[in-house]
Amino acid sequence: MSTPAPRFIQPTRTAPDSGTVTDRLLEANRAYAAGFVDPGMGARPVLRVAVVACMDARIDLHAALGLELGDCHTVRNAGGVVTDDTIRSLTISQRALGTRSVILIHHTGCGLQTLTEDFRHELELEVGQRPAWAVESFRDVDQDVRQSMQRVRTSPFLPHTDDVRGFVFDVTTGLLREIDPRS
Ligand SMILES: [Zn+2]
């Protein structure tokens with residue numbers, strides 16, 4: 001009997017021994033550009049949706065959501081939290097580039113669940129300057145998604161807040177679980 005295929009392929013790629021990782025990426029870009037055909041698209045996302053998600057390396061947003069080039073705006077940061085800068089991007093997305101829907105994606109095993117606001121304090125002690133931003137750490141991922149949905153829905157800058165939905169992406173199954181905003 002054959003053994004089942006592993007669910008994950010262990011990464012075979014490592015950081016380069018010589019040169020920088022950027023050099024490797026530039027080499028990949030040259031190959032990409034060699035086969036690139038101008039898609040002739042405008043800047044307005046075809047599906048009129050903006051996706052706000054954590055920067056986590058395990059989330060391939062386009063693959064996970066069946067998105068294609070040109071379909072959506074993606075706004076990513078540590079935690080996928082809705083900060084002033086996230087609102088800035090969403091405001092431009094909606095008012096200048098025609099998006100209507102917002103999808104928020106947090107995930108299991110997020111690094112922000114391991115931090116506290118002490119991170120800021122320790123940073124201040126180390127560098128002698130207090131950052132202007134909050135760490136936006138959290139314990140309860142569901143509650144953090146609800147808070148993010150609330151921040152989008154209550155923003156005075158966003159004209160389209162009827163279709164705002166929030167999810168937790170499970171990094172072990174690839175599935176999204178929707179969060180009820182009223183729970
Ligand atoms: Zn994360």
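Modeller: Let me start with the terms: helices (H or I, at least four residues) and strands (E, at least two) are DSSP runs, numbered from the N terminus. This is a predicted model, in which local features need pLDDT of at least 70 and side-chain atom pairs count only at pLDDT 80 or more, while totals for chains, interfaces and linings use all residues. Residues are numbered from 1 along each chain as its sequence is written.

Colleague: Thanks! Which pattern does the protein follow, read along the sequence?

Modeller: The secondary structure comes to 5 helices and 5 strands. Read along the sequence, these elements give the pattern α-β-α-β-α-β-α-α-β-β.

Colleague: Is strand β4 largely enclosed or largely in the open?

Modeller: A residue counts as buried if 20 or more other C-beta atoms lie within 10 Å of its own, exposed if 12 or fewer, and partly exposed in between, with C-beta atoms placed from the backbone. In β4 (residues 164–169), 5 of the 6 residues are buried, so the rest of the structure leaves this strand largely enclosed.

Colleague: In which sense do β4 and β5 pair?

Modeller: Two strands pair if DSSP finds at least two bridges between them. With strand β3 (residues 101–107), β4 pairs in the parallel sense over 6 bridges, and L104 stands opposite G166 in β4. On β5 (residues 176–179), R177 stands opposite V168. Over 4 bridges, β4 and β5 pair in a sense that is antiparallel.

Colleague: Which residue in the hairpin of β4 and β5 takes a positive phi?

Modeller: This hairpin has 6 residues between the strands. The residue with a positive phi, near 80 degrees, is G174.

Colleague: Last one: what share of the protein's residues is buried?

Modeller: The C-alpha atoms fill a box of roughly 50 × 45 × 45 Å, taken along the principal axes. Of the 183 residues in the protein, the buried ones make up 23%.
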